[in-house]
Amino acid sequence: MEDFATPPEDDAPILLGEAPPSDTDFAEPATDHFAVPPSDDPFVGTIDETPSDAPIVLEAPPVETGQVEEAEDEEPVVPSGPSPMQKWNDEWQSVLMERKDAENAKKAEFIAAAEEAMKNFQDQRESKRESKMSKNRSDEQEKLEAIEADLENDNSWQRVCKMVELSHDSAEDSVDVKRMRDVMILLKNEPSRASVLA
C-alpha cells in the first residue's frame with residue numbers, strides 16, 4: 001500500500017524560470033550601488049548631535065554646544081513674586097484650613113450634645129429603675145403581709161374566696177354557678193357557720 005504523504009519517486013519538482021547553479025543554493029547579491037552611500041559624501045556624519053558629556057533632559061529641546069556655554073555665563077532669572085499657581089495653592093490651603101476648623105467645631109458640638117443626651121438618658125434610666133425597685137419591694141411586702149394575715153385567720157373560706165373568681169360570667173353557654181358563689185360569700189362573711197361546717 002502506498003503512503004499518501006510521500007510523493008512518488010518518478011515525479012520531479014516543477015521549476016519555473018532558469019535553474020539555479022548547481023554549486024550553491026543562493027542567488028548572487030545585487031551589484032547596484034544604491035544601498036551603500038559613497039564615502040566621499042560631505043553630508044555623511046554632519047548631523048548636529050549633543051555632546052556625549054551633556055546631561056539628558058526628558059521632554060526638553062535639544063541643546064547645542066554653543067548655547068550651553070552661553071547659558072552658563074548668564075544668571076538665572078528669579079521671579080519677583082509668587083507665581084499664580086502658588087497664589088492659588090495658598091488660597092486653597094487657607095480655604096481647606098477654614099473648612100477643617102468649622103468641621104472640628106461642629107464635631108465638638110455634636111460630641112458635647114451626645115454626651116449630655118447620654119447623661120440624661122442614664123439619669124432617667126436610673127430613676128426609673130429605683131422607682132420600679134421600690135414599687136416591687138412594697139408590692140412584695142404587701143403580699144407577704146396578706147399571706148401572714150390569711151395564715152393567722154381561722155376562717156379558711158376567706159382564703160378560698162381569694163383563690164376563686166367570684167365575678168359573674170355572662171357568656172351564653174356558661175354554667176350557672178350563682179348559688180355556689182352565694183354560698184362561698186356567705187361562709188366567708190359568717191365565720192360561725194363556717195366553723196359548723198368544718
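**Where two helices meet**

Modeller: The axes of helix H3 (residues 156–163) and helix H4 (residues 178–189) come within 8 Å of each other and cross at roughly 140°. Axes here are lines fitted to C-alpha atoms, for helices over the stretch in contact, with angles from 0 to 180 degrees between N-to-C directions. This is a predicted model: local features need pLDDT of at least 70, side-chain atom pairs count only at pLDDT 80 or more, and totals for chains, interfaces and linings use all residues. Residues are numbered from 1 along each chain as its sequence is written, and side-chain values use heavy atoms, leaving out hydrogens and water.

Biologist: Which residues of H4 make the contact with H3?

Modeller: Contact means heavy atoms within 4.5 Å. On the H3 side, Trp-157, Gln-158, Val-160 and Cys-161 take part. Their partners on H4 are Met-184, Ile-185, Leu-187 and Lys-188.

Biologist: Is Met-184 buried or exposed?

Modeller: Met-184 is found in helix H4, and it touches Val-160, Cys-161 and Val-164, not counting residues up to four places away in sequence. Buried means under 20% relative accessible area, exposed over 50%, and partly exposed in between (1.4 Å probe, protein chains only). Met-184 has a relative accessible area of 7%, so it is buried.

Biologist: How far apart are the C-alpha atoms of Met-184 and Cys-161?

Modeller: Along the chain, Met-184 and Cys-161 are 23 residues apart. Their C-alpha atoms are separated by 6.8 Å.

Biologist: How are the rings of Trp-88 and Trp-92 arranged?

Modeller: A search of the whole structure finds one aromatic pair. Rings of Phe, Tyr and Trp (its six-membered ring) pair if their centres lie within 6.5 Å; planes under 30 degrees apart count as stacked, over 60 as edge-to-face and the rest as tilted. With centres 6.0 Å apart and planes at 5°, the Trp-88 and Trp-92 rings are stacked.

Biologist: And how many helices does the protein chain have?

Modeller: Helices (H or I, at least four residues) and strands (E, at least two) are DSSP runs, numbered from the N terminus. The elements run α-α-α-α-α from that end. There are zero strands, and the helix count is five.
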